[in-house]
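Q: Hi, could you walk me through this one? I'd like to go piece by piece.
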Amino acid sequence: MSMRQDLWASLRGYVALAVLFGGIYSLFVLGVGQLFFNHTANGSLVSYHGRVVGSSEIGQAFSGPQWFWGRPSATTGANGKPQPYNADNSGGTNYGPTNPALIQEIKANMKLYKGIPPSKIPPDLVESSASGLDPDITPQSALIQVPRVAAARHVSQASLDALIARYTRRPWLGMYGAARVNVLELNLALANGAK
Amino acid sequence: MSAAGVLGILIFLAVLFALAMPMGKYIHNVLENRVHWLRPLEDWILAIIGPAAKKEQTWRQYWRSFIVFNLICMLITYAVLRLDTYLPLSQGVGLGLSPQGPHLAFNTAASFTTNTNWQSYSGETLTYLAQLFLMVLQFITPAFGLVIAAVFIRGLVGRRDTLGNFYADLVRSLVYIFLPVASIGAVVLLALGLPDTFAGPAIVHTLQGAVQQIDRGPVAAFETIKQLGTNGGGFFNANAAHPFENPNPVSNMVLILLMSILSTSLVFTFGAYAKNRKQAIVLAGVTAVLYMAGTAVVYWALVNGNPLIHQALGLSPVSYEGLEVRNGLPGTALFVSTTTAYTTGAINAWHDSLPPLAGGIPLLFMMLNTVFGGKGAGLLNILMFALVTVFVAGLMVGRTPEFLGKRIERKEITLATVAMLIHPIIILAPTAFALVHKVGTSSILNPGFHGLSEVIYAFTSGAANNGSAFAGLSTNTPFYNVSIGLVMLVGRYLSMAAMVAMAGSLAAKRIVPASAGTLATDSWSFAWVYLFVTLIVGALTFFPALALGPIAEHLVMMGGAVK
């Protein structure tokens, strides 16, 4: 078999396999997704008063006192400047554990929770997520925000505690993953008047 | 470390092995041309390839076909990356994307052709069309590894002149292994909530009224083969930490299973070829011990976290920096160890931000490169170390070195040594250069010992064809793109060439019947020797580098020396 024969065989083989995997396989997955899992296959978009306000899988920035806040996000915009929860450019800080910048970053994030003793602040609430788009916080991170949200919304703390309990997801089979609260879903419930 | 977390990891291991044993047998049947349930598809592709797919090949012919096919893959991918956004179907035109430049495109093409999936770019900067071309390589390149492992096993277990046909092996393993498993896996991931759409990004106005551009795409299709093929190149920059690639703890476990299943199965495929199930169990067992020991260290390090944060700020030391809440600590630890043991390179947390020892295990696994490893490439390394062990043990007890009835002689041990030494050389030499020249050091993000870890991690990841990164290092520079690109190519092809040549030499040998002088290789005492040879040769070579990187940083962190 000559080199030339190998070249042609490889080229033809590549084209056939590209059609099979780039074409047929990806259309199969696209079809199954669009037919049977339409909502999630299109990005789990959620609406509020008929307007699409985000994706329940993707975190978004909250800063008003009447909302529960998500984790710090280190994503940047197209200009390289900080733009938290930029779902067009996922990423984290990549600060190493002994980098002084890490301590500075966490310290700055802790300013949002000034009244709370540090030992009570759950670390996930003040340390940047990996994707910069983490939609979840731990239940403890939601609970420590209850006094602020309750005051801003003039609702009882007990009702918010109950709401958080209702929106808490448990680890799968009790073994896999962590207990968590989806911040956007929780805030949507608040916006929809849940008590 | 919680009991539930540990139990979950052990149950995962049991499930993995329960699936890998029958799967290994099935792969054996596929490679021996005994599986034909998709005959029309198989025949169609083989007919397109033509007469080249029909002839039995010697090891040299097989290797030439393999290299030519790899070259075609790399050239086409390079061209697509350079022309991206000018091609039809390119969504990026309106979004201000531009094609990759020459050194970045070289790096990306080399990376995806060698099954490394190192990414000097972020996934969001590619058009859907370019992503599809990369996905095609994510299917083909793990099959490349698999067929090369098949050639080596064939040479090892029988006496023959030819070793099979490259094109037929490639097509059969793709049609009967990768296509069905990926199709099932993709449907499972769709059901678990991964998106798959060719619609562009969603532009939404958030509850607070800000504008958010949410990138989407054919994620489920891409994600499945990225994991199954131990590819690792993310659709998004944050890879499997991105909620669209890995939305919940169930998908997290499915992704871990997908990246571990085939390489684990291949050990049992080897057992089926050798007609010696116990040999496979011994090798898989000792490898699983390494895998679980590493996982335990990562888990332990995550639970103990970062005392500096506690001392400086009074927070709990458990560090969530660079972690996602939903995965939990055990789910993060198992992913971290699996992605580097199996040389996938996907990530569900930033390895750069992990506590030093949790980042050190990935480094160690990639340096060993035998903890199941990538498709085929991992098994080749396991068998290479088995041969070295036979040789060392033979020297110690004065027995003839034999493996599965084949005499291990000068030629084999020379080739094994070449394959073994390439790995440390292509890691340590470029790292040393990068650390003394500003073209290397100017890319380092984190100060101190951690910066050294970043550089050595990059070259280790390239050499092991892993593709994960200590992402603080800015590698999209001409120096890193070209040097890591070359390291990936040498790491992949030179050691494979040595192993295929060895297969040719082994295939020509008579099988010597076992006698009283034969050292049994399917015993647990052999497993112990194998373990220590792997650790001594593999780990000690790199110990000085590890001592200056993660170990030194761990000591600094425990000592609280950083203000």
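A: Happy to, and here is a short tour in questions and answers.

Q: What kind of model is it, and how is it numbered?
A: It is a predicted model: local features need pLDDT of at least 70 and side-chain atom pairs count only at pLDDT 80 or more, while totals for chains, interfaces and linings use all residues. Residues are numbered from 1 along each chain as its sequence is written, and chains are lettered from A and ligands numbered from 1 in the order in which they are written.

Q: Let's start with chain A. How many helices and strands?
A: Chain A has 7 helices and 5 strands. Helices (H or I, at least four residues) and strands (E, at least two) are DSSP runs, numbered from the N terminus. Along the sequence the order is α-α-β-β-α-β-α-α-α-β-β-α.

Q: And what is its radius of gyration?
A: For chain A it is 23 Å, whereas a compact globule of 195 residues would be near 16 Å. That radius is taken over C-alpha atoms, and the globule rule is 2.2 Å times the number of residues to the power 0.38. Along the principal axes, the C-alpha atoms of chain A fill a box of roughly 80 × 45 × 40 Å.

Q: How much of chain A is buried?
A: Of its 195 residues, 47% count as buried. Buried means 20 or more other C-beta atoms within 10 Å of the residue's own, exposed means 12 or fewer, and partly exposed is in between, with C-beta atoms placed from the backbone.

Q: Now the contact between the chains. How many residues does each one give?
A: Chain A gives 90 residues and chain B gives 109. Two residues are in contact if their C-beta atoms, placed from the backbone, lie within 7 Å.

Q: Which element supplies the largest share on the chain A side?
A: That is α1(A), with 21 residues. The chain A side that touches chain B divides into 46 nonpolar, 33 polar and 11 charged residues. Here Ala, Val, Leu, Ile, Met, Phe, Trp, Tyr, Cys and Pro count as nonpolar, Asp, Glu, Lys and Arg as charged, and the others, Gly among them, as polar.

Q: Over to chain B. How do α2(B) and α6(B) cross?
A: Helix α2 (residues 39-49) and helix α6 (residues 166-191) of chain B have axes that come within 10 Å and cross at roughly 150 degrees. Axes are lines fitted to C-alpha atoms, for helices over the stretch in contact, and angles run from 0 to 180 degrees between N-to-C directions. The two are therefore roughly antiparallel; angles under 35 degrees count as roughly parallel, over 145 as roughly antiparallel, 65 to 115 as roughly perpendicular and the rest as oblique.

Q: Which residues make that contact?
A: From α2(B) there are L41(B), E42(B), I45(B), L46(B) and I49(B), and from α6(B) there are Y167(B), A168(B), V171(B), R172(B) and V175(B). They divide into 8 nonpolar, no polar and 2 charged.

Q: What about α3(B) and α4(B)?
A: The axes of α3 (residues 59-83) and α4 (residues 102-113) of chain B come within 9 Å and cross at roughly 140 degrees. That makes α3(B) oblique to α4(B). The residues of their contact divide into 9 nonpolar, 4 polar and 1 charged.
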